[in-house]
Amino acid sequence: MSGCRFTVARTAAEAVAGLAEADGEAHIIAGGVALVLLMNEGLLQPSWLIDVSRAAELQGIDVADDGAIRIGAAVTHREVAASARLASVCPMLAEMAAEIACGRVMNRGTVGGSICLADPQGDPPAALLALDATFRLAGPEGGRDVAARDFFRDLYVTALTENELLQHVRIAPPPTAHRGTAFGKYAARQAMDYASTVSAAVSLARDPADGSMSDIGLGLGGCGTIPVWPQKTEAALRGRRPDTEAFAAMRAALAEETAPIGDMLYSADYKRHVAAVILERTIKAAYRRAGGGGPDP
Amino acid sequence: MSSHWTEPEGEKFALGTLAEQAHWKREYRRIVEGVRGRLPDVGDAGGTVGQPIPRNDALYKVRGRARYAANIEMEGMLHACFVRSEHPHARILGLDTSKAEKAPGVRAALTAADAGEELIGTLVADTPVLARDRVRYAGEAIAAIAADTPAQAAAAAQLVAVEYEPLPAILTPEEALAEGAVEIDPEGNVLIALHNERGDIEAGLAEADLVLENDYAMAQIEHCFLEPPAGIAFVDPDGVLTVMVCTQYPHYHHKQIARVLGRPMDKVRVVQTVVGGGFGGKMDNTVEIAVALLALKTERPVRMVYTREEVFTATTKRHPMKVKQRLGATRDGKFTALDAEYLLDGGAYRSYSITVSGRCVIHAGMPYMIPNLRVDLTTAFTNHVPCGAMRSFGIVKTAFALECQISEMAERLGLSPIEIRRRNGFVDGDTTATGQTLHDVGLLKTLDALEPIYRKRKAEIAAAPKVGSLRRGLGVACLGYGIGYSGVRNPSTARIRVDGEGTVTAYCGTPDIGTGSDMSLAQIASQAAGVSVNRVNVVSGDSTKTDDSGPTSASRTTYFSGNAALIAGRDFRRRFEAAVAGKLRAPADRVRLEADTVTVDNEAMSFKEACRLVADEAPGIVGYGKFDPDIEADILTLKGNPYPTYTFATHLVEIEIDEALGSLALARVWAAHDAGTIVNPIGSEGQIEGGVAQGLGQAVMEKVVRENGYVVNPHYRDYLLPGAKDVPLDIECIFVDNYDRTGPYGAKGVAEVSLIPIPAAMAAAVADASAVRPARLPMESEYLLRLIERRDGAKP
């Protein structure tokens with residue numbers, strides 16, 4: 001780490017200016033959870049770190065009266081888990097954040113860091129895909145918005161250009177009154193894992209008249225080289241009640257649009273199976289929260 | 001240049017003086033009492049054996065005050081690292097360190113040419129200090145660099161040019177044993193082959209109403225001690241080469257360093273530093289010879305600390321093992337025959353493979369009376385990191401195979417898992433497969449202790465509604481385990497001194513590696529001596545101050561060193577009484593030292609007063625104890641009495657399996673142990689809880705993943721260990737009432753054994769919950785799911 005410059009940006013603009021000055025040599029650091037791991041393993045030797053953990057525009061969780069949410073990129077997972085206001089509007093986010101890795105990672109790790117790392121097994125990206133979040137990026141030309149569903153491009157590659165950083169996340173107000181959200185995941189251990197093996201995030205609305213599902217948003221972790229937004233699976237479920245046929249259709253669509261990567265712990269086949277089980281359970285949980293009843297999975 | 005080392009007073013020079021320790025002991029006691037309730041006051045009572053006494057090192061450790069080898073800094077100290085083989089099997093055609101030697105900060109490079117001709121090794125010296133013309137596994141040390149900083153050493157290591165000629169790598173025992181296989185060792189690829197037999201196996205199988213035949217396989221696993229191997233070497237002004245290292249056996253290194261370096265024993269000193277976990281992984285060679293040679297070469301203190309990657313790729317492992325086994329029983333559940341074949345992957349050098357292999361064969365069929373038994377074991381060399389000692393020396397795997405088969409046998413015969421074990425379990429007077437007649441066997445007591453719990457939970461689980469794909473099940477497994485080395489004498493000694501102010505110091509060569517053995521030894525020694533335990537300071541594991549009392553391994557410390565401490569304590573008491581009698585001109589038989597008080601006829605004085613009385617003679621009052629039980633077994637036939645005693649246990653576990661995912665969780669454990677008298681219940685419970693956690697890891701997730709001769713998961717991200725949320729909160733430790741007539745105050749010891757039954761009991765519980773029979777470790781969720789799918793596919 002010798003010779004690494006470390007500067008603290010007080011605003012997003014300062015961070016953007018630093019990135020421009022460094023001309024591709026600087027890395028943004030917030031919690032440092034993933035970055036410092038890479039540095040310790042000698043895989044990354046940055047010459048300049050720009051700390052955005054105290055940058056003004058990257059702070060805070062705001063929930064508007066209409067339910068619209070803004071989460072600063074430097075907000076920690078602990079803050080997300082602890083926000084009562086957020087939990088009341090969107091239980092899935094609090095549920096997801098509360099089960100991330102372990103206490104130390106929750107205390108240090110940030111929403112923005114998790115998004116920008118773009119680990120295909122990360123939990124927050126899956127949740128934000130399901131919620132159709134919008135990412136506000138700060139850059140030399142001012143700011144721009146990119147949909148979460150358009151942000152993840154390839155393995156560890158995102159829509160961010162060299163001189164941009166993530167400023168905040170916005171989630172539009174829920175479309176209807178009968179909405180339920182839920183998050184589920186599978187990992188070999190109850191805690192401590194680097195990332196979930198497979199995770200599933202669900203946002204849906206239930207039609208109180210016929211019990212059918214609409215406005216379905218899904219996000220999956222561990223199902224490919226990027227966090228996956230499974231549109232065909234959403235389509236396969238839309239307009240149906242969560243019954244055996246619906247889940248059979250879900251499985252068929254899921255198999256078509258997910259390509260988990262086998263690793264030294266699990267085969268791709270097993271991950272695909274787990275994704276279907278976890279997604280089904282999470283849909284049932286969200287449906288229950290939407291007032292649909294039904295037994296615990 | 002030579003270095004001075006000022007040694008602070010007190011245990012392991014990390015814990016401070018006795019006066020300093022008093023505060024910590026009080027603090028710790030307060031914390032422990034907050035959890036456990038009030039502890040007995042041991043202030044001046046004589047005997048504390050059997051009482052829960054908080055150990056004196058815990059607070060120092062949790063507050064970061066313990067000085068591990070990696071924390072020791074000395075003036076002018078250099079940092080060393082190894083250059084390691086990049087090939088699993090290759091000839092070394094050339095080795096050039098010249099570039100590395102010119103790199104910034106580098107003070108020395110060490111190669112085989114500096115290391116002399118002597119080989120090193122724990123049982124058989126078969127391993128070069130640094131590879132000379134051939135490497136036998138990826139990760140084998142070829143050279144070492146000493147530099148001003150760790151980063152400079154690591155950078156210079158990259159500059160060492162090694163020219164290899166790759167040889168075919170042998171990756172499995174089957175390949176190693178195949179005709180025409182490349183020979184890894186000059187003596188061939190069979191590391192060891194052992195055989196034991198009793199009765200008539202064919203007759204026994206013929207007599208059986210049911211014979212089960214199964215194959216089992218267990219993955220390689222790593223000890224996962226938190227502290228990586230580390231050590232520091234320096235030369236004193238008087239020419240003594242001191243090596244301070246985290247080890248389970250400092251006296252072994254003392255002898256080996258003297259031999260390899262050609263130095264007299266009194267010019268070498270090995271001091272054990274605070275050990276951050278051993279589990280058998282710190283009984284072997286790591287940094288010792290290299291730091292010693294570099295310290296001599298540079299005339300500076302040299303420290304080396306392994307990286308976690310080195311721990312995974314270059315330290316010994318638990319053997320991968322395959323078991324092929326037939327078990328026969330009559331209709332009423334009496335075992336008639338056991339026919340077992342064990343195949344072990346020993347890795348590239350011998351390490352402790354011979355001990356592990358011997359223990360596996362001796363323990364085959366244990367703890368059951370099986371009249372006809374045949375066991376064949378082969379351990380083969382492969383081009384993997386050597387396998388060596390690890391908690392239970394292989395028995396966790398042989399027990400997995402046997403206990404899984406017994407559980408299946410019970411089900412097929414319609415017997416409860418407890419009843420079938422009761423019908424066959426060892427009792428006093430039974431003879432083992434090596435011909436040893438057993439005494440003080442408490443196995444059936446452990447079964448009796450668990451039976452009511454088993455019945456109750458069985459009924460409750462059967463009555464509970466099934467939720468989704470979750471199923472619960474119960475499983476039982478037993479063990480019997482010999483205490484100490486297998487079939488060779490391994491005496492322990494202890495020495496007790498006193499000063500004029502009443503501080504008693506007990507010296508013992510077996511080091512405390514985090515088990516709390518120093519406290520147990522203090523309890524035994526003080527009770528035998530008749531003094532308060534609070535006076536006793538234990539010095540252990542220092543080649544200058546203590547005698548070689550054997551390693552802290554093989555579950556031997558409480559029994560062997562405890563007996564030595566007992567004898568030394570009694571000897572001390574007798575000598576002290578004689579000294580007081582001499583001073584008072586009283587007959588020796590009128591003086592009595594007991595409960596920290598000296599009585600002469602009807603007069604009483606405190607022990608401290610008596611110490612002042614005999615102060616001028618105190619240095620000469622030395623109690624000595626040697627314990628050397630008569631154990632012997634033939635190394636070829638394995639017949640004889642390999643261990644002085646055996647410890648027994650039964651574990652009952654409750655698991656929950658999610659059949660949709662195959663994921664397995666350990667919900668509750670009831671661990672009933674016959675460990676003889678329990679010297680310190682806090683310590684024993686801690687060992688069992690740790691054993692359960694370690695057993696859980698081995699049961700469901702731990703495995704070293706090897707591809708083409710390389711470890712591909714050399715870090716905790718991909719080598720999974722159970723976390724705090726995975727280990728059950730409900731671990732009930734039950735110590736059955738049993739007294740070993742040969743143990744110190746009746747004690748046998750707990751140690752390794754608490755790990756052994758867990759994987760087998762969990763597998764049995766999976767069978768109970770889901771009607772599938774796992775036959776391999778780890779029982780990962782994907783594996784269990786496939787078994788469940790096969791079960792459902794097989795249904796009509």
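**Notes on the predicted model**

1. Contact between the chains. In this predicted model, 15 residues of chain A are in contact with 17 residues of chain B; two residues are in contact if their C-beta atoms, placed from the backbone, lie within 7 Å. On the side of chain A that touches chain B, helix α11 (residues 268-292) of chain A gives the most, with three residues. The residues on that side of chain A comprise 12 nonpolar, two polar and one charged. Here Ala, Val, Leu, Ile, Met, Phe, Trp, Tyr, Cys and Pro count as nonpolar, Asp, Glu, Lys and Arg as charged, and the others, Gly among them, as polar.

2. Conventions. Residues are numbered from 1 along each chain as its sequence is written, while chains are lettered from A and ligands numbered from 1 in the order in which they are written. As the model is predicted, local features need pLDDT of at least 70 and side-chain atom pairs count only at pLDDT 80 or more, whereas totals for chains, interfaces and linings use all residues. Helices (H or I, at least four residues) and strands (E, at least two) are DSSP runs, numbered from the N terminus.

3. Domains of chain A. Chain A is assigned domain 1 (5-51), domain 2 (57-171) and domain 3 (179-291), with bounds from an automatic or database domain assignment. The C-alpha centres of domain 2 and domain 3 of chain A are separated by 20 Å. Their contact takes 26 residues from domain 2 of chain A and 27 residues from domain 3 of chain A. On the domain 2 side, α5, α8 and β8 (152-154) of chain A each supply at least two residues, and α8(A) gives the most, with seven residues. That side of domain 2 divides into 17 nonpolar, two polar and seven charged residues.

4. Helices α5 and α8 of chain A. The axes of α5 (residues 91-98) and α8 (residues 123-130) of chain A come within 10 Å and cross at roughly 170°; axes are lines fitted to C-alpha atoms, for helices over the stretch in contact, and angles run from 0 to 180 degrees between N-to-C directions. The two helices, α5(A) and α8(A), are therefore roughly antiparallel (an angle over 145 degrees). M92(A), L93(A) and M96(A) of α5(A) make the contact with D123(A), P124(A) and A127(A) of α8(A).

5. Domains of chain B. The assignment for chain B gives domain 1 (11-70), domain 2 (72-167 + 226-277 + 282-314), domain 3 (321-485 + 635-794) and domain 4 (492-633). Between domain 1 and domain 4 of chain B, the C-alpha centres lie 20 Å apart.

6. A sheet in chain B. Four strands of chain B form an open sheet with mixed pairing, in the order β18-β28-β29-β32; two strands pair if DSSP finds at least two bridges between them. Because β18 (470-482) and β32 (730-735) of chain B stand at the edges, each with a single partner strand, one side of each is left without a neighbour in the sheet. From one strand to the next, the twist averages 20°. β18(B) pairs with β28 (residues 646-658) of chain B in the antiparallel sense over 13 bridges, and the bridge partner of L470(B) in β28(B) is D658(B). Helix α13 (residues 443-463) of chain B lies across β18, β28, β29 (663-674) and β32 of chain B, at about 15° to β28(B).

Note on methods. Angles under 35 degrees count as roughly parallel, over 145 as roughly antiparallel, 65 to 115 as roughly perpendicular and the rest as oblique.
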